[in-house]
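User: I'd like to go through this structure with you. Can you start with the terms you'll be using?

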Amino acid sequence: MKKLLIGTIAAAVVASSSMAADYTLKFSHVVSANTPKGKAADFFEKRLEELSAGRIDVQVYPSSQLYKDNAVLKALRLNSVQMAAPSFSKFGKIVPQLALFDLPFVFRDAKHLHDVQDGEVGKELKDKVTAKGIVALNYWDNAFKQLTSNKNPLSMPEDAKGQKFRIMSSKVLEAQFHAVGANPQMMPFSEVYSGLQQGVIDAAENPISNIYTKKFHEVQKYLTISNHGYLGYLVVMSKKFWNSLPADLQANVTQAMNEATEKEREYAAQLNDSQLELIKEYAKKTGKLEISTLTPEQREAWRKAVSKIYPEFYSDRKIGKDLIEKTIATK
């Protein structure tokens, strides 16, 4: 009887705390809860509820339970969902300048990348998104991309010549591979494994998490740690929902998001490192995969070869010369 009474009281407390919330925030994302994005979303939920003393009830919906990325921006505008974290490519039609993050070798390392995102350039890009009716909050990491191939190691730019590289839809990535004499092939991500396995494509670029979870390393002979490009997400909020919050709760959202962003970057780096070790173990055990890392000289050769495409995107209707130059100049 005592246990029953305690359980009843606990349930009542939970119900009353839920009822006490002044606002409900639904956070939709497309990946599983155990990914860096998923874990950061859950951290944000707990932290914001704590900071707001329960006035905001955060409900996280992973794995496309509510919306896929290609539908979520419309849902945000309608306030059908209040938060999401789509990849940059999903903003291409409304803010093409976010293609800045597709530019090869524009970021020297993770610190430079985060300094750009947290500085003047990152703010300018977020302002452009917010001006389109969706509040841009923060940038979350996937990881830097690496090169894989079935033809030969991709140590120098000329090694890519003639190879068929899978790319996602991006004018920048198309130009990147044309610059080194390769043949970019747009292909849905779901078809990449079979494409590599059957020889429809020869090569690809992916972060380690994609390579490992989709087992691309099992159908490729060479992996080059190049860190040449970047994949990430922009966390956004419904403008209607944001405007409905009083100033103190907006401050709570900002603080929770900043803390979640630090966590997400840590989770992403840890996952990248641990999965690379698993790929190395596979390579050592099977002898079917050769792994190499670009030397500083090789990296510079690649940078020179592909950075020639930057002027193609100087137009303000694309990325803009000013944004590219500010990015490069960021210390």
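Analyst: Buried means under 20% relative accessible area, exposed over 50%, and partly exposed in between, with a 1.4 Å probe and protein chains only. This is a predicted model, where local features need pLDDT of at least 70, side-chain atom pairs count only at pLDDT 80 or more, and totals for chains, interfaces and linings use all residues. Residues are numbered from 1 along each chain as its sequence is written, and side-chain values use heavy atoms, with hydrogens and water left out.

User: Arg-265, then: buried or exposed?

Analyst: Arg-265 counts as buried because its relative accessibility is 9%.

User: Which helix is Arg-265 in?

Analyst: Arg-265 sits in helix α10, residues 247-286. Helices are DSSP runs of H or I with at least four residues, strands are runs of E with at least two, and both are numbered from the N terminus.

User: And what does Arg-265 touch?

Analyst: Leaving aside residues up to four places away in sequence, Arg-265 touches His-114, Gln-117, Asp-118, Tyr-139 and Asp-141. A contact here means heavy atoms within 4.5 Å.

User: How many residues apart along the chain are Arg-265 and Asp-141?

Analyst: They are 124 residues apart along the chain, with 5.9 Å between their C-alpha atoms.

User: Switching to the whole chain. How much of it is buried?

Analyst: Of the 331 residues of the protein chain, 48% count as buried.

User: What about contacts over longer separations?

Analyst: Among contacts in the protein chain with a separation of 6 or more, 73% are between residues 24 or more positions apart.

User: Last one: what box do the C-alpha atoms fill?

Analyst: Roughly 70 × 50 × 35 Å, taken along the principal axes.
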